[in-house]
Amino acid sequence: MAKDDNGAEDVTGADSPGAQLATSAASTAVVTRDALANPGFPPHRPRITDLEHKEERKAERTVYTLFYVSIVGSVFAIAAYMAFPIVAEDPGSVRLNNLFIGLGLSLALLAIGIGAVHWGKALMSDHEGVDERHPVRGTEPVRARAVEIFQQANEESGFGRRTLIRNSLIGALVVFPLPAVVLFRGLGPMDQDPVALLNETMWKKGVRLTMDPSGTPIKAADVTLGSSFHVIPEGLSEMGHGRLEEKAKAAVLLIRMDPEDLIETEDRKSWSYDGIVAYSKICTHVGCPVALYEQHTHHLLCPCHQSQFDVENHCKVIFGPAKRALPQLPIAVDAEGYLIAQSDFTEPVGPSFWERA
């Protein structure tokens, strides 16, 4: 037995459990506790639709009625677009057009949303379950289990069994995009092919390059080294109807560089004049304006999605989501020293999805 300073014997002993606990607590200062027991799921509370068949049928009728209401809203939006056209001289027609189309689309989307939520809350299975995490593998047992899960979901939701709900939902989802199709088609000319119109701009042989927005013609001698200009075709600034549409296709960025810095292919050496090059201002990603020119690196930047183009090398993409170079406008100088276009762009301008096959 150990003794203290006064000679008294230590009855606990150095190797006793009490001494070991005291030593452990003093060294770690950690008090261990038992982990909480898993309480499990609370008792399942059946819904009224689970207990009474009459309420289940009532909920089912509510859901498919809402889906049919969505169909009515989509059709109403299309009818409103035709019944309340926008008249250029009547600002009130814009208000009526937007009002009734908006009401129809709101009704269509709201009815689908409410119907889907009510379907999930009142009719789909609400039993709690545990989905154990496991490594994702493409083995046959996993594939078979996936099929079982889909079949189970079909049984729990009643998608295959409740034909009225299923068919009304499919109908609502099919009809809902139709107003957007009708409205977007109405934005283009009804008597012309919009694709052909997008493939052509106001640039033609001999058309002068003018300042945007004044329309002042540009002389090659006035374009200093390192400068850049926003350019439009001659005559665009005087246009009335359709001016913005034409500008959206024909806008050009004019830049002058040291001719020795240009990397030009043989077939495009005649497209520039003494280091002056002209490229479409419309980004080939989604059509944003490429308006930021970095003079020291000769890079053009699209501020929308950060695509960068190398002016030295035919404005090829060097960074960002754009997939093709900016179209180049072939330019020359007329007898009076003004910059003119040799032709239209040789490829479509703007987003790549308009590119010719």
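Reader: What makes the side chains of Glu-140 and Arg-143 a salt bridge?
Author: A salt bridge here needs a side-chain nitrogen of Lys or Arg within 4 Å of a carboxyl oxygen of Asp or Glu. Glu-140 and Arg-143 meet at 3.9 Å, N to O, so the pair is within the 4 Å cut-off and counts. This is a predicted model, in which local features need pLDDT of at least 70 and side-chain atom pairs count only at pLDDT 80 or more, while totals for chains, interfaces and linings use all residues. Residues are numbered from 1 along each chain as its sequence is written, and side-chain values use heavy atoms, with hydrogens and water left out.

Reader: How far apart are Glu-140 and Arg-143 in terms of helical turns?
Author: About one turn, because they are 3 residues apart in helix H5, residues 140-157. Helices are DSSP runs of H or I with at least four residues, strands are runs of E with at least two, and both are numbered from the N terminus. The protein chain has 9 helices and 10 strands.

Reader: Are Glu-140 and Arg-143 buried or exposed?
Author: Buried means under 20% relative accessible area, exposed means over 50%, and partly exposed lies in between (1.4 Å probe, protein chains only). Glu-140 has 58% and Arg-143 has 52%, so both count as exposed.

Reader: What makes Asp-274 and Arg-256 partners, and which parts do they tie together?
Author: Their side chains meet in a salt bridge at 2.5 Å, N to O. Asp-274 sits in the loop between S3 and S4, and Arg-256 in strand S3, so this pair links parts 18 residues apart in sequence. Asp-274, at 46%, is partly exposed, whereas Arg-256, at 14%, counts as buried.

Reader: Which residues are joined into one salt-bridge network?
Author: Glu-56, Arg-57, Glu-60 and Arg-162, through salt bridges that share partners. One of these bridges joins Arg-57 and Glu-60 at 2.9 Å, N to O. Arg-57 and Glu-60 are separated by about one helical turn, because they are 3 residues apart in helix H3. Arg-57 has a relative accessible area of 35% and is therefore partly exposed, while Glu-60, at 6%, is buried.

Reader: Why is Ile-78 called buried?
Author: Its relative accessibility is 16%, so it falls in the buried class. Ile-78 is found in helix H3. Contact means heavy atoms within 4.5 Å, and beyond its neighbours within four places in sequence, Ile-78 touches Leu-178, Pro-179 and Val-182. Ile-78 and Leu-178 are 100 residues apart in sequence, yet 7.6 Å apart in space, C-alpha to C-alpha.

Reader: Which residues have the most contacts inside the largest nonpolar core?
Author: Trp-203, Val-231, Leu-254, Leu-329 and Leu-339, in a core of 19 residues. Strands S2 (228-233), S3 (252-256), S4 (276-280) and S10 (339-341) each supply at least two of its residues. Another core, of 17 residues, lies apart from it and includes Tyr-279, Cys-288, Tyr-293 and Ala-322. A core means buried Ala, Val, Leu, Ile, Met, Phe, Trp, Tyr and Cys residues joined through side-chain atoms within 4.5 Å.
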